[in-house]
Amino acid sequence: MMAEAGAGGPRLPELLALGRRLWDELEASTEPSSGAPAVQEKVRQGLDALQRAAAMVAQLELFSENEELDEIASSDLKFMLLPALLGAMTLKQVDLSRRREHLESAREHFLRFLKLCRNYGLGSFQLPPGTSGQEEPRSPSAPRDPAEPNLVAMAMSRTAKIERYKQKKELENKLASLSSAVESGTADEDQIREFYILQIQKWISTSLEEIESIDQELVILRSRDAARQSAAGPRGPPRAARTPMKPFILTRNAAQARVFGAGYPGLPTMTVDDWYEQRRKQGIASQQGFGEPGSPPCSSPPAGASDELQKQESEEEDDDEEALQKARDWDDWKDTHPRGYGNRHNMG
């Protein structure tokens, strides 16, 4: 069955050929970085061609679960490679912010290809562990500690890798001997069919290797994302910023306030009662354990401190009388001496 596109558009074989050509150029590229603009432009064009081709294959229903491999035309076998090529081309993208998305998408493409091949009996292989509909191989031994490495599974995996490598080399040698005849158009029907089946079997091995590599990288990315979320963590509402207090002189009574408030410039003064009243209005005094003025303190003073406190209060009262007298003398002096009196040092 020959697959065609809509009128005026590229045919399905042309889209597949374009995607294959761009893939081969990317594999043989000598660009120092896979993120180079020229490289990523080829990746974009290749993905576009392969996605359009895959959509045509789905629309034409070229492959069905109810048919055998012999029922597929030799010329249509090559279209079975589309999911594998899409997976490989998807991995060529280098956008780090979408790396996990690209890995998961590529894995789905490879897995779709493997399921298609298994449905037609192409190759003897097992789907990757954890795949839907595929049970993980279990060791016949007794239950073991999950932290202990499964040596049997590791040995089986290593053996499978070695076997796949040998098969891949044999397939490449066979493909090399057939490719010239197929590309030149001199190959017969049997040679063309064998050539495409060998290509499919080669990509089965590649897909299994890529899925294993993708799964390892996804584990690392998921652990990194979980660590970032744990580091960020839920945070409570920020504390309200406390308004900074303006500096002032705290005095025992109004007399001291008049003394320390005299002169220019000077800091504002505030008595203890005024200060407490201001704190009470702000709702701070009650939170810090301050009682009402004159009420007993929240905690008793230390033993032996009462005498010293009385002595200190007596001295402060004497200081108050002396300060009050100085304040009166200062007021009298200001009445007879205007501001600036006697300041003649810088005048001619």
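How many helices and strands does the secondary structure of the protein come to? It comes to 9 helices and 2 strands, where helices (H or I, at least four residues) and strands (E, at least two) are DSSP runs numbered from the N terminus. The model is a predicted one, in which local features need pLDDT of at least 70 and side-chain atom pairs count only at pLDDT 80 or more, while totals for chains, interfaces and linings use all residues. Residues are numbered from 1 along each chain as its sequence is written, and side-chain values use heavy atoms, with hydrogens and water left out.

Read along the sequence, the elements follow the pattern α-α-α-α-α-α-β-α-β-α-α. The protein has 348 residues, of which 28% are buried; buried means under 20% relative accessible area, exposed over 50%, and partly exposed in between, with a 1.4 Å probe and protein chains only. Contact here means heavy atoms within 4.5 Å. Among contacts between residues at least 6 apart in sequence, 62% join residues at least 24 apart.

I now turn to one helix. Why is helix H3, residues 82-90, described as largely enclosed by the rest of the structure? Because 9 of its 9 residues are buried. They run from Leu 82 and Pro 83 through Ala 84, Leu 85, Leu 86, Gly 87, Ala 88 and Met 89 to Thr 90. These buried residues pack against helices H1 (12-27), H2 (37-60), H4 (99-119) and H6 (189-232).

Let us consider the pairing with H1. The axes of H1 and H3 lie 11 Å apart, at an angle of about 40°; axes are lines fitted to C-alpha atoms, for helices over the stretch in contact, and angles run from 0 to 180 degrees between N-to-C directions. The two helices are therefore oblique to each other, since angles under 35 degrees count as roughly parallel, over 145 as roughly antiparallel, 65 to 115 as roughly perpendicular and the rest as oblique. On the H1 side, the contact is made by Leu 16, Gly 19, Arg 20, Leu 22, Trp 23 and Leu 26. H3 contributes Leu 82, Leu 85, Ala 88 and Met 89.

Finally, which residues does Ala 88 contact, leaving aside its neighbours within four places in sequence? They are Trp 23, Phe 110 and Trp 203. Ala 88, found in helix H3, has 7% relative accessibility and so counts as buried. Its C-alpha atom is separated by 8.5 Å from that of Trp 23, 65 residues apart along the chain.
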